[in-house]
Amino acid sequence: LADVLAYSSLAHLSLVALAAFAGTQGDASDASAITAGIFQVFNHGLIMAFLFALDDRISVDGRSIAMSEVGGLRSAQGRLTALMLVAMFAAASLPGLSNFAGEILVYFAAFRVSPWYTFAAGLGALITAAAMIRIFHHLFFGTARGNLPQAADLRVPEVALGLAVVSVWLVLGLYPMLFVGPVEKAFATVVAGVVP
C-alpha cells in the first residue's frame, strides 16, 4: 500500500510542478497558476499525511501491507475502511473534495500555457486514481486471507479527528475561495511591491 501511496504523492507533486511551470510562463500579474499550486501543496499535505497515517494504523506493528499478504480487511476494521475510502477518493480528486478543486485550477492555468503538458498531467492523475481504487478494493473488499496481525479498529477519538479532516476537504472542495482568495490577495500584494 505504501508504494501506491508514494506514487500518488508523486502524481500530486507533478501537478504542483506543472502549476509552477505555468506560473513562470504566464503574465507576472496572473496569480492563478501559482495560487493553484499553493492550493495543491496544501491539499497534498493534508491528504497524503492522512493516508499514510491510516496505512500505519492497519497492522499491529505499523508495517505497510502488500496486496499479496492480506484481503478483506473491512470485516475487522470497518471504521478505518470508511475513512480510507474517503481519503482515497480525495487523493483521486473526486468532485466535491478539495483536491478536485485544486486540480481543476491547475489544469485551467496550465492549459493556457501548454495543452500537451496538461493532457499528460491529466493522464497521470487518471492512472494514479485507478491504481489507488484497485488496491483499495483488493485489500479491503477482496477475499479475506493472510495472517497479518491487524490492529483494532479506529477508536472514537481517532474517528472524530478523521471526520474533522474530511470536513476540511469538503468545505474547501465546495468553496475553494476560502483558501484561494486570501492567497491571491497575498500574491497580488507581493507582485505589486516587486513589479512597478
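Reply: Lys and Arg count as positive and Asp and Glu as negative, with His and the chain ends not counted. Each charge is placed at NZ of Lys, CZ of Arg, CG of Asp or CD of Glu. This is a predicted model, where local features need pLDDT of at least 70, side-chain atom pairs count only at pLDDT 80 or more, and totals for chains, interfaces and linings use all residues. Residues are numbered from 1 along each chain as its sequence is written, and side-chain values use heavy atoms, leaving out hydrogens and water.

Me: How far apart are the mean positions of the positive and negative charges of the protein?
Reply: The protein carries 9 positive and 11 negative charges. Their mean positions are separated by 8 Å.

Me: What share of the residues in the protein is buried?
Reply: Buried means under 20% relative accessible area, exposed over 50%, partly exposed in between (1.4 Å probe, protein chains only). The protein has 196 residues. The buried share is 44%.

Me: Is Leu123 buried, partly exposed or exposed?
Reply: Leu123 sits in helix α5. Its relative accessibility is 42%, so Leu123 counts as partly exposed.

Me: Which helix gives the largest share of the nonpolar patch?
Reply: Nonpolar side chains (Val, Leu, Ile, Met, Phe, Trp, Tyr) are joined within 5 Å, like charges within 9 Å. The patch is formed by Tyr7, Trp116, Phe119, Leu123, Leu126 and Ile127. The largest share, 5 residues, comes from helix α5.

Technical notes: Patches are made of residues with over 30% relative accessible area and no salt bridge: like charges are joined within 9 Å, nonpolar side chains (Val, Leu, Ile, Met, Phe, Trp, Tyr) within 5 Å. Accessible areas come from the Shrake-Rupley method with a 1.4 Å probe; for residues, only the protein chains shown count as cover. A salt bridge is a side-chain nitrogen of Lys or Arg within 4 Å of a carboxyl oxygen of Asp or Glu. Helices (H or I, at least four residues) and strands (E, at least two) are DSSP runs, numbered from the N terminus.
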